[in-house]
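Dear colleague,

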Amino acid sequence: MANRVREPYLELKGWMAEHDVKQVDVAKVLDTTGNYVNKKINGTGSDFTLYEARKLVRHFGMPESIFLQ
């Protein structure tokens, strides 16, 4: 099992699956790597910043509540 820093974003993972949004798509919007995004989503890296969350909400139209765990 991976060393988690915090709980994973399960709602985000579910939303992404339902809307066919891949981690690489998120990485492109955030101008970063898929590995960086994977760690954030799965709780093994740093948390999303407010700036990153806002950027994703605006770009993909996802609910803000996904980031409020």
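Helices H2 and H4 (residues 50–60) pack with their axes 10 Å apart and at an angle of about 115°, where helices are DSSP runs of H or I of at least four residues, numbered from the N terminus, and axes are lines fitted to C-alpha atoms over the stretch in contact, with angles running from 0 to 180 degrees between N-to-C directions. H2 is therefore roughly perpendicular to H4, a term that covers 65 to 115 degrees. In this contact (heavy atoms within 4.5 Å), H2 contributes Asp-25, Val-26, Val-29 and Leu-30, and H4 contributes Glu-52, Lys-55, Leu-56, His-59 and Phe-60.

This is a predicted model, in which local features need pLDDT of at least 70 and side-chain atom pairs count only at pLDDT 80 or more, whereas totals for chains, interfaces and linings use all residues. Residues are numbered from 1 along each chain as its sequence is written, and side-chain values use heavy atoms, with hydrogens and water left out.

The axes of H2 (residues 23–30) and H3 (residues 34–42) come within 8 Å and cross at roughly 110°, so that H2 is also roughly perpendicular to H3. On the H2 side the contact is made by Gln-23, Val-26, Ala-27 and Leu-30, and on the H3 side by Gly-34, Val-37, Asn-38, Ile-41 and Asn-42.

Best regards

Note on methods: Helix = DSSP H or I, 4+ residues; strand = E, 2+ residues; numbered from the N terminus. Parallel < 35°, antiparallel > 145°, perpendicular 65-115°, else oblique.
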